[in-house]
Amino acid sequence: MSNPDHAWMARALRLARRGLYSTHPNPRVGCVIVAAGESVGEGWHVRAGEPHAEVHALCQAGARARGATAYVTLEPCSHFGRTPPCAEALVAAGVDRVVAAMQDPNPQVAGRGLERLRSAGIDVLCGVQEAAARELNVGFIKRMETGLPFVRVKLAMSLDGRTAMASGESQWITGPAARAEVQRLRARSSAIVTGADTLLMDHARLTVRAEELGLDAEQTRLALGRQPLRVLVDSRLRVPLAAPFFQAGPALVATLAGGSAQIYRSAGHEVLELPASAGQVNLAALLRELAARGANEVLVEAGPRLAGAFAQHGLVDEYQLFVAPKLLGSLARPLLELPLDRMSEARELQITDIRAVGTDWRIVAVPGKAG
């Protein structure tokens, strides 16, 4: 495996990241066509239903693709979906070599694209920069492999681990830079899940807003082209229709089966009746439903009760903790409702990233044993 392979794949991955906010429910994919050590064609997947990255790159390369090497961040598809198979396009273009970062976890592909290339006499190498490729599409991969989305819990807290005053007042714990990061987390997500307490206390809308994204014009346009599905978990249907959340546009209300929810339906919102788990909405069932709708990444923006429920049921893949240099005191609300009695019950996390965000700090952590 040569260093040029790594360098060109890194370029393809940078292209793929341009689809961070727009490819739902498809994966983010980039492609570079290289001939005689030079890029002759580049492309990235912009949104579902439009040409894939390989097609854009091949169109740019034209006749120069014959005998070239194609670097693609995900195995070229081999099936007819909303667009024709990219493996066939590469064969028809006459490329000599294809370097893929990883195999496609989609059961409709799952190695068949690479096999089609090999059967056409194309030299195939798979696994270059695979870790980076998997990180870029963690949600798509998890949905394909498990039938569940990747769940990211966002929490904003003071230095003493508090999220709101005893009265429920919480705006604003963190500063503008941290709030812009949260806007970008929303924009990359397929769905945002919140609870009744958050909406009743904070009057949140949970929309993606251009003025707070902090992106360039192209990325802002792509991010605003698709608002994530906003989901309210409300087992007792406590949030009134006059709440800003409902006034901001159509939403999905997840509640218990048998509830009276016609008022929400009549106002243009969708109601999903789910089975109960300990008297509350079954969160695992909700996640399975969201994945069935194509949700790759789900962002949980909720208070300590709902966020704690996701943690208690082992449904969290990643925590994004925004820590403000403030002390809210012992009467303020805790980060999570997570009733533990013994040190042996402590939930261990592995911190994967810590960095300053304006005047605050962002800690990214995943469940599991540290070290």
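Which strands does helix α1 (residues 3–17) lie across, and at about what angle to β1 does it run? The structure discussed here is a predicted model, in which local features need pLDDT of at least 70 and side-chain atom pairs count only at pLDDT 80 or more, while totals for chains, interfaces and linings use all residues. Residues are numbered from 1 along each chain as its sequence is written, and side-chain values use heavy atoms, with hydrogens and water left out.

Helix α1 lies across β1 (30–35), β2, β3, β4 and β5, and runs at about 140° to β1. Helix α2 (residues 53–61) also packs on the sheet, where it touches β1, β2 and β3, and its direction makes about 140° with that of β2. Contact here means heavy atoms within 4.5 Å; helices (H or I, at least four residues) and strands (E, at least two) are DSSP runs, numbered from the N terminus. Axes are lines fitted to C-alpha atoms, for helices over the stretch in contact, and angles run from 0 to 180 degrees between N-to-C directions.

The open sheet has 5 strands in the order β2-β1-β3-β4-β5, with mixed pairing. Its edge strands, β2 (38–44) and β5 (123–126), each pair on one side only. Two strands pair if DSSP finds at least two bridges between them; β3 (residues 69–72) and β4 (residues 97–100) run parallel, joined by 4 bridges, and Thr69 stands opposite Arg97 in β4.

Turning to strand β14 (residues 297–300), Glu297 and Leu299 on one side and Val298 and Val300 on the other are all buried (under 20% relative accessible area, 1.4 Å probe, protein chains only). Strand β6 (residues 150–158) runs parallel to β14 over 4 bridges, with Val153 opposite Val300.

Definitions and conventions: Buried < 20%, exposed > 50% of the residue type's maximum accessible area, 1.4 Å probe, protein only.
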